[in-house]
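Please read them alongside the sequence and the coordinates.

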Amino acid sequence: MPRLSATQRHSIRFTLNGAPVQGEAEPRMLLSDFLRHVLGATGTHVGCEHGVCGACTVQIDVSPARACLTLAVQVQGCDIRTVEGLAPAPGRLSILQEAFRRHHALQCGFCTAGILMSLDAFLRAQPNADEAALRDLLSGHLCRCTGYTPIIAAALDAAVRLRDTAHA
Amino acid sequence: MKPAKFDYVQAETLDEALATLRAEGEGARIIAGGQSLLPMLNMRLARPAVLVDIMRIATLAEATATNETLRIGAAVRQAALQARPNLHPLLAAALPWVGHAQTRSRGTLCGSVAHADPSAEIPLVLLALQGEILLRSARRTRRVAAAEFFTGMMQTARHEDEMIEAISIPQPRVGEGYAFREVGRRHGDFAIVACAAVAHAGGVRLAIGGVADHPAARDLPADSAHWPEALDAFAHALEARDDLHATATYRRQLVRKLGRQVMQEAAACRA
Amino acid sequence: MDSPGDKWVGQSLPRFEDAALLTGRGRYFDDCGTPPGTLHAAILRSPHGHARIESIETSAARALPGVAAILTGEDIRATTTSLVVGVKAPMECWPIAVERVRYVGEPVVVVVATDRYVAEDALDLIEVRYTPLPAVTDPVTALAPDAPVLHEGLGGNLASERRFRYGDPEAAFATAAHRIAIDVAYPRSACTPIECYGVLAEYDPGEDSYDVFANFQGPFSIHAVIARALRVPGNRLRLRTPPDSGGSFGVKQGVFPYIVLMAAAARACGRPVKWVEDRLEHLAASSVATNRVTRLEAAVTAEGLITALDWDQLEDCGAQLRAPEPATLYRMHGNMTGAYAIRNVAIRNRVVLTNKAPTGLNRGFGGPQVYFALERLVQRIAITLGLNPLDVIRRNLVPTSAMPYRTASGALLDSGDYATAMETALRDGNHAALLAKRDAARAEGRHYGIGYTAVVEPSVSNMGYITAVLTPAERKRAGPKNGAQATATIQCDAVGSVSVHVASVPQGQGHRTVLAQVVADELGLRPQDIRVVTEIDTAKDAWSIASGNYASRFAPAVAGVARIAAQQLRARLARLAAPLLNVPPEDVVLANGKLHAQGNADNALPFARVASSPHWAPGTLPPEDSAPLRETAWWTPPELTAPTEADEVNSSLCHGFIFDFCGVEVDRITGETRIDHYVTMHDCGTVLHPGMVAGQVTGGFAHALGAALYEAHSYAPDGSFETGTFADYLVPTSMEVPAPIILHHESPSPFTPLGAKGVGEGNCMSTPVCIANAVADALGLHDVTLPLLPATLAAHLHGAKPNAPAATPKGERLLRGEGQARVNAPREELWALLLDPDALMAIVPGAHGIQRTSPTDYTAEVTLGIGPVKGRYRVALALSNLDEPHALTLAGSAQGALGFGQGRGHVTLTEADGATIIAYRYEAAVGGKVASIAGRLLDGATRVVISQFFAALARQAAPQAPWWQRLLHRLGFGA
């Protein structure tokens, strides 16, 4: 039974966007801080550190989750995906990201990473999601710029295109 | 807004977790999904000396059903249970109101029960359905009825050296009907009033969350003519308080009016 | 691109910003890295609304490994100067508490350490002893003669009072058919960008200069305030901003006191210091909009024509007057008559200080407060006179023929056709259908209402408007202030590619995209050929005091000046190309990446060749045109003159028009308001980018809906702050915000280079009152207070319940309770216990180190906990009213990191069959950190602690439970 001492840093390994990563952290370090300040993956943002705003949402073993409500030590060995892993190639955007750009579904962009990670997971699990389901999902995110209307439009548009791609 | 220091134990077996609880006493805290605990750690409201992570204990990650009960282990996440087919209709109705999808993916049912927030939906359902909490310490095992378990604001009958191993919920019974309603300021907020009703041949059991310091339930007669009086008495018995988001009067009114609707709905869908 | 229809401006291009932001490659403040050796700061903040600081004990914190420096108010005061205050009043304004704290969340100690976790560990080790003082949080109460005074130099809490008079309001009121008045209190709300503040500061002692990197948004008039506070000239304060900012809505103007604080900390440490504000800090102490108490009276004809307005505004700026306050009160000064032609106006403006967080810029800045009063009054006029509210609006609108229209208080409304815009909105927004819907809903007994609003939305602030707070004589002494300088620089590099720099600091408004469109149109290029840089470096860039992103100045001012700079560059390019094309410069056309002769597209030169020529072959060019192409344009509108002797103030350059109407339904059981139909008509002049304009409207609408229904920055009367987390400060989500129907009617501004006006703030002004009017219509309410709490509306729907138990008096943060326990011990024994310190130590849950300071006074260290929430407190207990052995009063107080509380309990002991019944009644007041961040749980938690105390008392008195009970307990059955 490993007991990690509060006062020491411990090696933490997991898979980040398909590649193995490793870093050192005290048991108390939040996953959000570990991603940003230990691994340098600053695409995941921190907005409230009490689990309400959703800016720090990442995927842990496929499910969207708050990085600020997760300790880095808890994800030892897990599969983590962040916004940096969404685009199919450098210089290209995913269908979801393209839809966000097309619909002006972001302004300052600070909350966007978390919203994309929630939607990416959700649309894969529920490709036929309707507006009500998307609004329910997105209620786990605060956006202060857009008023949500263009985000909903982008998500619905992406859902259609993802279904078309799947059928093609 | 960063947690204070703590040791972290990754328990691989239940015995390891229980041994740590026994050795550390009140300084130890179980972490399961962490969705209630982490905000308190980040705000330094909670400062455990050691966190015991139970999520890798394979036996706790199971939800097993018999004809009579559904036993939900301490490591079963809310989202995992929500995705389960043929889930108890009351649980299925209440789970979407537990936080948001992004917290249900990590949060556990037993964690919510252990935390005992007075507005929480899972304790309310457990109480409405007269479920049980299975407590385990290094020395013994005991079962506590939900009605005995929740004793106050974040206060339960659990002892310092105990952890919740599982909760047990009776399966739906023929002739019962269920309904759930909740009012909060925004979707996903803490309930101002949450109502869960179980209708059966002999009457209706109504459980109310968000009003008193812990969820409370009452058995009301089947004849709806008696409901207004009974609901009024129930509403007054709950020690409702004013807060930022609602008044005590409002909460009592919702107990009367929403409670009635939920009871009607439950009675109407008796199988 | 030769035909005028081919312009890039006006198209909804995908934004150049988005690829980086969508892939996690944005560069916000905290993504930008730090110099080696950077230390991290954390701030200990006041848990009290008002208290004297008696002592600050920091030795334990200093001893913590990793801690580099600890700075108190005294330390900061040694190296800085008080922030300047915008009114002539004897008061200081420090970025950290000096001697006294005046609001919950006020900085008290700054800790600098190797990382944020350690810095927060050190905060835990600092012990501050406070003597609480009476607090005042209500602006009206704060003016009472016996109110606690925040700044003794003022002699009271009134920081400013001015009266204004335009036309002949007295005569208008004397002859009016009706005088109709309204009293409103507009609450506090805050725009809470999702990214909080960030500051990285360095100090160079060799040059006595500061280098600061912060997500500040402007206006850069504040640069002068910061430099002065740091006691350096402006050229020794280099202020830089990151490329991306995670939202601001005005709020990031308020980072400036922290710039002073961190710069001073960097100086004290000799190392770079970085601070990232967390959400708890942000909610308690960043920048919140003012709350305002207003009485507004109108002189009205029988037909509903308003002939005069009499404003009495009481503005609450919180505990300090921070620059640029009291600007919120004066931002609308020129357009206090809204969209209406009212020639007679009287205004009394007062500014009061209270024990709440200082106020500052927030989207709408002063507009929501004004229009809530004015448009509620218009509805009341209609109701009072039995008129259709639309007819009252129609009768009073400024007529199109009068444009540009000079208002009574001095604004020059630049353009607009208000009547047509309004009628278009009613037609295209399906107003007739909405009326039918309301009728149908009401016939079913549902509560459905319709609200209307007409407002003008000011943009491009006159930097002189705030001087209206000074008397004309004071203004004369201080020197005139006016204008709204904007600047843009465009340059061509060695390969002829074009870069644009503006001093605009965007926070998501797509400045880079729109500026590329504007410049591409002038230079005959594609937007993707233009690179736009928007971060500011005050050491290198063109900037002025008006620089920054506020007052909706981007489209009218910044995009406009970029066009002027592009035109200057274009003229130079034409001069360079003319001899090569053998045509006069005025016949050179820039199109499709070429410069060609008018009428002969084959006689052409590549843009890049001409644009790069001064770099490569200056000797071939006329000397006056041989410098590389770099044009900096400046623009300030001549209309923005200084306030006149008569206090006429053209407070803003542009005035957009908005007409909103909406249908809402209030749930008959829950009292929840549902927006069923919302139409918002905008005239923001020329639309530069329809997609972004729509985004500004939907975004502003969501802010406004929050203010109307959910958000309130809330304090208890004792100064406790109640909305310290996002679980209590309720920002609306996708479930609460519907899509509004957006309509446009374009009246280009004659005063701006592109004809554009601001658009981002208008719905924050129009929507809260539009929703309030609709709810008032639905429920027949006379008075409406925001936010529209379901509990309040439900009380109106359900009526009062006479048999309900009395709830806590409103606003009182007192917890009352009672209980009793039966103890198997004689009464005298129990009495003795209460007077025995050792026994009390055992009774008080988690107590240690109890001391008896007098026969009836005790102190102790106590660990109290509810569930996982545990904290250590210093507790004092005093016994009084001793009536041996029947009754006594137990008074106690506790102070600790999680909060403080005090209470008193009356305890009675009664004999009953050989046992004793110990009964208690108590009242307790709790505040501090827990009250701010977990107020919902506070009362229940307090009850638990008190019941634990008496349960322990009973146990202590009768330790000998029956043997079978002890056995069962040992076996774990029951407690």
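1. The model is a predicted one, and the notes that follow should be read with that in mind. I begin with chain B, for which the assignment gives three domains: domain 1 covers 7–53, domain 2 covers 58–170 and domain 3 covers 177–268.

2. Within chain B, the C-alpha centres of domain 1 and domain 2 are 18 Å apart, and the contact between these two domains of chain B joins 14 residues of domain 1 to 20 residues of domain 2. On the domain 1 side of that contact in chain B, the most is given by helix α1 of chain B (residues 14–24), which contributes six residues. Sorted by class, the side of domain 1 of chain B that touches domain 2 of chain B holds seven nonpolar, five polar and two charged residues.

3. Chain A is divided into domain 1 (10–84) and domain 2 (95–167), and the centres of these two domains of chain A, taken over C-alpha atoms, are separated by 22 Å. Here 17 residues of domain 1 of chain A are in contact with 11 residues of domain 2 of chain A. On the domain 1 side, β4 (57–60) and β5 (63–66) of chain A each supply at least two residues, and the largest share, three residues, comes from β4(A). That side of domain 1 of chain A comprises eight nonpolar and nine polar residues, with no charged residue among them.

4. Inside chain A, helix α2 (residues 95–102) packs against helix α5 (residues 149–167) at an angle of about 145°, their axes lying 9 Å apart, and the crossing of α2(A) past α5(A) is right-handed. The contact draws on Ile95(A), Leu96(A), Ala99(A) and Phe100(A) from α2(A), and on Ala154(A), Asp157(A), Ala158(A), Arg161(A), Leu162(A) and Thr165(A) from α5(A). By class, the contact of α2(A) with α5(A) is made up of seven nonpolar residues, one polar residue and two charged residues.

5. Which parts of chain B supply the side that touches chain A? The contact between the two chains takes 27 residues from chain B and 27 residues from chain A, and on the chain B side β1 (7–10), α2 (37–42) and α5 (101–104) of chain B each supply at least two residues. The largest share of that side, four residues, comes from β1(B), while the side of chain B that touches chain A has, by class, 11 nonpolar, 10 polar and six charged residues.

6. The strand β1(B) deserves a separate remark, given that it also takes part in strand pairing between the chains: strand β1 of chain A (residues 3–4) and β1(B) pair in the antiparallel sense, over two bridges. Within this pairing, Arg3(A) has Val9(B) of β1(B) as its bridge partner.

7. Chain C is divided into four domains, namely domain 1 (4–17 + 485–635), domain 2 (32–133 + 195–246 + 251–285), domain 3 (152–189 + 288–467 + 641–797) and domain 4 (814–971). For domain 3 and domain 4 of chain C, the centres over C-alpha atoms are separated by 52 Å, and their contact takes seven residues from domain 3 of chain C and six residues from domain 4 of chain C. The side of domain 3 of chain C that touches domain 4 of chain C divides into one nonpolar, three polar and three charged residues.

Definitions and conventions
Residues are numbered from 1 along each chain as its sequence is written. Chains are lettered from A and ligands numbered from 1 in the order in which they are written. This is a predicted model: local features need pLDDT of at least 70, side-chain atom pairs count only at pLDDT 80 or more; totals for chains, interfaces and linings use all residues. Domain bounds come from an automatic or database domain assignment. Ala, Val, Leu, Ile, Met, Phe, Trp, Tyr, Cys and Pro count as nonpolar, Asp, Glu, Lys and Arg as charged, and the others, Gly among them, as polar. Two strands pair if DSSP finds at least two bridges between them. Axes are lines fitted to C-alpha atoms, for helices over the stretch in contact, and angles run from 0 to 180 degrees between N-to-C directions. A crossing is left-handed if the near helix is turned anticlockwise from the far one by less than a right angle, and right-handed if clockwise.
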